[in-house]
Amino acid sequence: MTKAKINGVRLKISEREPLFAGTADTNRIELSFSEEWAGLLKQIDFTNKTSGESRRISAQAEVCTVPWEVLKVEGDVSCCVRGIGADGKLKMRTNEANLGTVLGSAQDDVPGSTSPTPEVCDELAAKIGEPTELETSEKSNLVAAVNEVKHTADGKQDKLIAGENITIAEDGKTISATGGGASNAIGYFGVTLTERDDGLYTGSKTFAQVKAEIESNKRFMFIDGYDCVFIVTRVGNAIIEFAGMLDGTDGWLWVGVASDERWEITPEVRVTLDWYNGLADDVGKRTNLTTADKSNLVAAINEVKQAADGKQDRITSTNKLAYSLISGTPTVPTVPTNVSAFTNDAGYLTLATLPKYEGVVE
């Protein structure tokens with residue numbers, strides 16, 4: 001096992017082990033940190049100087065597996081360590097250190113090369129959470145769950161403010177109110193693909209239309225017939241790329257639409273460090289969540305759903321709030337309809353109290 005010491009911003013490799021092309025889940029590096037790194041989210045970058053392949057993985061466990069992606073071809077492998085603060089910003093970065101030279105060339109497919117380095121997937125999955133633990137009815141993906149919560153919140157009532165959004169009806173006993181709703185849902189769009197004779201596809205949306213959807217903050221795409229959500233990974237002038245994981249499998253699909261309107265679906269991995277960082281940006285930083293639970297997105301969605309479920313349904317002309325249900329209000333008395341119900345405490349003359357006139361009218 002390779003051993004490395006990180007003292008402040010200085011990274012030093014104290015022990016090395018041989019690196020051979022084509023190996024996976026074999027080479028490990030043990031990291032020891034000085035006290036300056038306490039409380040920081042630690043990451044380590046690996047780069048093969050010959051192939052240019054780079055991978056960034058979590059270094060929180062302090063024993064990391066060297067990604068197979070940087071061991072595919074001969075060449076020097078370097079590494080450096082990064083420290084991220086609670087605000088999501090880079091706080092510390094070490095020098096680059098030589099991890100060793102990869103020897104030999106891989107003759108066959110690299111073991112495990114059908115999926116990204118596990119640490120990368122696990123780190124991102126931890127930020128997302130387990131979809132099966134969603135309390136929403138829709139658990140297929142986060143976009144659908146967020147939209148369900150939004151639809152629920154749209155039917156709920158805003159905080160009632162006297163004189164602003166409360167109206168007392170003419171009967172004096174019922175109150176109606178205006179307002180309610182939530183912020184816009186996460187954007188997505190759908191397309192239908194028709195296969196061509198050359199193995200490519202024609203899409204129901206053009207390249208320009210897809211680009212416009214993305215520019216309007218719709219970063220997720222659904223394709224008819226595919227049980228997964230595709231996430232945009234690259235937007236260029238000549239091609240737009242998406243990646244999606246098939247439901248119930250570890251298989252990834254790459255989808256691209258070119259400016260000449262050619263759509264292509266490829267069952268291969270095109271996961272790069274830029275793709276991962278872009279996906280992480282789409283997921284967002286948990287520290288920016290305004291929910292009390294910031295552990296992962298599933299937990300945050302559940303918290304928002306519980307809050308929305310506990311709110312009053314929106315008050316409208318057909319869904320009125322009974323005056324009797326409002327606490328701290330005065331009791332409205334029933335107004336008598338007969339004059340005889342009143343007490344004559346002022347002593348007004350009535351037929352019964354009118355003095356009799358016993359004289360003669362001439």
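**A hairpin and its surroundings**

Tutor: Strand β17 (residues 230–235) is joined to β16 by two bridges, and the two run antiparallel. The model is predicted: local features need pLDDT of at least 70 and side-chain atom pairs count only at pLDDT 80 or more, whereas totals for chains, interfaces and linings use all residues. Residues are numbered from 1 along each chain as its sequence is written, and side-chain values use heavy atoms, with hydrogens and water left out. Strands here are DSSP runs (E, at least two residues) and helices are DSSP runs (H or I, at least four), numbered from the N terminus; two strands pair if DSSP finds at least two bridges between them.

β16 and β17 form a hairpin with six residues between them. In the turn, glycine 225 has a positive phi of about 95°. Methionine 221 stands opposite phenylalanine 230 in β17. Methionine 221 of β16 also faces phenylalanine 189. The strand β13 (residues 187–191) runs parallel to β16 (residues 218–223), with five bridges joining them.

Elsewhere in the chain, an open sheet of four strands has the order β2-β1-β4-β7, with mixed pairing. β2 and β7 (63–65) each have a single partner strand and stand at the edges, so one side of each has no neighbour in the sheet. On average, neighbouring strands of this sheet are turned by 25° against each other, direction ignored; the axes are lines fitted to C-alpha atoms, and angles run from 0 to 180 degrees between N-to-C directions. β4 and β7 run antiparallel and are joined by three bridges, and threonine 65 in β7 is the bridge partner of arginine 28.

Threonine 2 lies in strand β1 (residues 2–7). Its relative accessibility is 2%, so threonine 2 counts as buried; buried means under 20% relative accessible area, exposed over 50%, and partly exposed in between (1.4 Å probe, protein chains only). The side chain of threonine 2 reaches the backbone nitrogen of glutamate 17 at 3.3 Å. Residues in contact with threonine 2 (heavy atoms within 4.5 Å), leaving out those up to four places away in sequence, include Ile13, Ile29 and Leu99.

Threonine 94, in the loop between β9 (90–93) and β10, is likewise buried, with a relative accessible area of 2%. A polar atom of its side chain lies 2.9 Å from the backbone nitrogen of valine 81.

A nonpolar core is a set of buried Ala, Val, Leu, Ile, Met, Phe, Trp, Tyr and Cys residues joined through side-chain atoms within 4.5 Å. The largest such core has 26 residues, of which Ile29, Leu31, Ile44, Phe46 and Leu99 touch the most other members. At least two residues of this core come from each of β1, β2 (10–15), β4 (28–33), β5 (41–48), β8 (75–84) and β10 (97–103). A second, separate core of 19 residues includes Phe207, Ile223, Cys228 and Phe242. In soluble globular proteins, nonpolar side chains tend to be buried together.

As for the whole, the protein chain has five helices and 21 strands. Of its 362 residues, 38% are buried. Among contacts in the protein chain with a separation of 6 or more, 59% involve residues 24 or more positions apart.

How values were computed:
A polar contact is a pair of N or O atoms within 3.5 Å; within protein, one must be able to donate a hydrogen and the other to accept it, and residues adjacent in sequence count only if both atoms are side-chain atoms.
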